[in-house]
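Visitor: I'd like to learn how to read a few features off a protein model. Could you walk me through it?

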Amino acid sequence: MRPHLYHLHAVSALHCGTGQSVGIVDLPIARARATQLPIVPGSSLRGVMRDAFSETGSDAELTLFGPRSIAGTDDGYAGALAIGDAHLLMLPVRALAGIVAYVTCPFVLRHYAQDSARSGIATPDVPAVVDDQAVHGSECVNTLSAKVVLEDLDLASAVSPDAGKWATHIAEALFAGDAQAQQDLTQRFLILSDSVFSYLAETATEVRTRIAIDPTTGTVRKGMLWTEENLPAESILWGVYAVSDSRMRGDSRKADELAGSMPRDALLQLGGKAGVGRGLTRFIGGRAT
């Protein structure tokens, strides 16, 4: 199976939950157990992608995802598509200058580079960052008097050519053919230390309070006050999928042909709370650059 890199771009706030409360948040988002960084489970993405395939009438649906039901032992076979979890690559964070910054860290970039290499994609070197620094390319709209202020953090501004290369690399992967969107991302791209990024990934997500109204009284229904955590709009995640040769009887298509049927840029509805506008997400598949 040949791996392929994919990206997710949250167009609206994204809630892929855990189904249980943690601390003061009633409905938190899913996070990796070891790092506590946000993820989108591959199972969530696979189900949504299958529905998207079925709506288009693609003849690759059953081959990629397997049969929808099995009547007997002769009807069963494994789908050719294996898709992994999506991991947080960049988090949009409120900035004193430039409105918003797109932040990441060396730990995340190193893991992203490893998955890129498995997919045949070269990446820039990862720069070193200390705790009180925000590293960026030569053009950055988030600097103010040699400082970068994010939420309540006051960080020293530092220029690195490698940071500029990373900004360009990711921007071209996400916004191929859109020069304005690429420029916007590269001017707001920051690499923070691992510890600062981890702190922001815990505290700079979006938490909304929800209620339900009792139609007979016009007031909040008893027990219907809760909080929901979301990844904010413009968050970027990445993951890896792989496609094998068809395992479907009578279908001789090879892995490369089936991989060609995967979407290159598709709009998906991921996670919960779709009725209130959550989860509108771009899926960008195939080679990044």
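**Reading charges, helix faces and patches**

Guide: Let's begin with a network of salt bridges that links Arg50, Glu61 and Arg68. Keep in mind that this is a predicted model.

Visitor: What is the general idea behind such a pairing?

Guide: Side chains of opposite charge can pair when their charged atoms come close. Here, a salt bridge joins the side chains of Glu61 and Arg68, at 3.0 Å from N to O.

Visitor: Is Glu61 buried or exposed? And what about Arg68, buried or exposed?

Guide: Glu61 is buried, at a relative accessible area of 11%. Arg68 has 53% relative accessibility and counts as exposed, because the cut-off for that class is over 50%.

Visitor: How many salt bridges turn up in the whole structure?

Guide: A search finds 13. Another one is between Glu151 and Arg94, whose side chains meet at 2.8 Å, N to O. Glu151 sits in the loop between strand 8 (147-150) and strand 9 (153-159), while Arg94 belongs to strand 4, so this pair ties together parts 57 residues apart in sequence. As for accessibility, Glu151 is partly exposed at 30%, and Arg94 is exposed at 54%.

Visitor: Which residue forms a salt bridge with Lys273?

Guide: That's Glu228, with 3.6 Å between the closest N and O atoms. This pair also links distant parts of the chain: Lys273 is in the loop between strand 14 (265-269) and strand 15 (280-284), and Glu228 is in strand 12 (residues 220-230), 45 residues apart. Lys273 is partly exposed, with a relative accessible area of 29%, whereas Glu228 counts as buried at 0% relative accessibility.

Visitor: Let's turn to helices. Why do residues three or four places apart point the same way in an α-helix?

Guide: An α-helix has 3.6 residues a turn, so residues with that spacing point the same way. For a case to look at, take helix 5 (residues 179-187): its buried residues are Ala181, Gln182, Leu185 and Gln187.

Visitor: What do the buried residues of helix 5 pack against?

Guide: They pack against strand 4 (86-94), strand 5 (100-104), helix 4 (161-174) and strand 10 (189-192).

Visitor: And which residues form the nonpolar patch on the surface?

Guide: Ile211, Ile213, Val220, Met224 and Leu225, with about 420 Å² of accessible area together. Strand 11 (206-213) and strand 12 are the elements that each give two or more residues to the patch. Strand 12 supplies the largest share, three residues. Ile213 lies in strand 11 and counts as partly exposed, at 43% relative accessibility.

How values were computed
Residues numbered from 1 in each chain as written. Predicted model: local features only at pLDDT ≥ 70, side-chain atom pairs only at ≥ 80, totals over all residues. Heavy atoms only, no water. Buried < 20%, exposed > 50% of the residue type's maximum accessible area, 1.4 Å probe, protein only. Helix = DSSP H or I, 4+ residues; strand = E, 2+ residues; numbered from the N terminus. Contact = heavy atoms within 4.5 Å. Salt bridge = Lys/Arg side-chain N within 4 Å of Asp/Glu carboxyl O. Patch = residues over 30% accessible without salt bridge, like charges linked within 9 Å, V, L, I, M, F, W, Y side chains within 5 Å. Areas by Shrake-Rupley, 256 points an atom, 1.4 Å probe, with all protein chains shown as cover.
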